[in-house]
Amino acid sequence: MKHQNLSSLSFFLLIILHFSTLTLSQTTPSGPTNITQILEKAGQFTTLIRLMKVTQVGDQINTQLNNSNQGMTVFAPTDNAFSSLKSGTINSLSAQQQVQLVQFHVLPNFISMSQFQTVSNPLRTQAGDASPGDFPLNVTTSGNQVNVSTGVDDATVANTIYTDGQLAVYQVDKVLQPLSIFAASAPATAPAPAPATLKSKRKSPAGLSPSSGSGDSPADNSGGERIAMHGAAVLFFGVSLFAAL
């Protein structure tokens with residue numbers, strides 16, 4: 001009887017161990033840390049995985065995690081998040097912009113959920129500088145909810161996909177769109193219209209050309225001069241005749 005009880009207990013412990021091992025394997029990939037394997041196990045991250053492979057950002061993350069003590073944090077948009085983008089958005093990006101887009105979802109240090117309460121904004125990402133208009137990423141919290149803002153859109157951290165103290169992977173409900181790629185360019189200022197050139201046109205009295213009565217052009221005095229000369233000649237002739245008489 002005692003032997004039977006021990007056998008039953010051993011069997012029960014084996015079952016517990018089996019399910020514990022199975023659960024652990026679903027959350028922790030065996031071997032070196034591999035970001036794409038983590039996302040594959042979680043499901044619903046097909047687009048992000050494809051981008052990580054095409055841009056080789058996934059390999060960069062794995063190399064950095066497995067060859068240094070520097071932690072990392074990844075914001076992982078779901079396939080539904082990518083589907084909400086305007087059709088053709090990702091394909092319209094250049095190869096460099098696709099790399100920057102994926103890197104924008106990666107922080108070069110490990111941040112736990114509780115640490116989001118005290119982080120200093122803006123957060124620096126793998127995409128580059130956090131200067132305004134470049135790649136700023138800001139985090140705000142409300143209770144246990146964490147919101148991420150890019151200046152273009154706002155996303156919410158839905159849940160924790162993976163964490164081991166060195167790597168944290170969080171599911172977000174939107175693709176994080178950096179300002180330097182997705183911000184609408186300001187419309188060019190329209191040049192000021194050239195001032196209209198107005199030529200002053202004066203109306204001439206009826207029947208006269210503009211030059212005949214206009215004050216803008218010198219008057220033609222030739223007629224008056226001829227009359228004056230004629231009068232002087234008549235006067236001189238009269239004087240001479242009077243003297244002869």
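Guide: Two strands are said to pair if DSSP finds at least two bridges between them. The model discussed here is predicted.

Visitor: How many bridges join strand β3 to strand β4?
Guide: Strand β3 covers residues 138-142 and strand β4 covers residues 145-149. The two strands run antiparallel. Pairing requires at least two bridges, and the number joining β3 to β4 is five.

Visitor: Which residue in the turn of the β3 and β4 hairpin has a positive phi?
Guide: β3 and β4 form a hairpin with two residues between them. In that turn, a positive phi of about 70° belongs to G143.

Visitor: In the hairpin of β4 and β5, what is the phi of G151?
Guide: β4 also pairs with strand β5 (residues 154-163), in the antiparallel sense and over three bridges. Within this pairing, V148 stands opposite A155 in β5. Four residues lie between the strands of this hairpin. There, G151 takes a positive phi near 95°.

Visitor: Why do the buried residues of helix α4 lie on the same side of α4?
Guide: Helix α4 spans residues 57-67, and its buried residues are V57, G58, I61, N62 and L65. They lie on the same side of α4 because the arc they cover around the axis is only 140°.

Visitor: What percentage of the residues of the chain count as buried?
Guide: The chain contains nine helices and six strands. It exposes about 16,000 Å², of which carbon and sulfur atoms supply 57%. Of its 245 residues, the share that count as buried is 31%.

Visitor: Among contacts between residues at least 6 apart in sequence, what percentage join residues at least 24 apart?
Guide: A contact requires heavy atoms within 4.5 Å. Among the contacts in question, the share joining residues at least 24 apart is 60%.

Notes: Residues numbered from 1 in each chain as written. Predicted model: local features only at pLDDT ≥ 70, side-chain atom pairs only at ≥ 80, totals over all residues. Heavy atoms only, no water. Buried < 20%, exposed > 50% of the residue type's maximum accessible area, 1.4 Å probe, protein only. Arc of directions from axis to C-beta. Areas by Shrake-Rupley, 256 points an atom, 1.4 Å probe, with all protein chains shown as cover.
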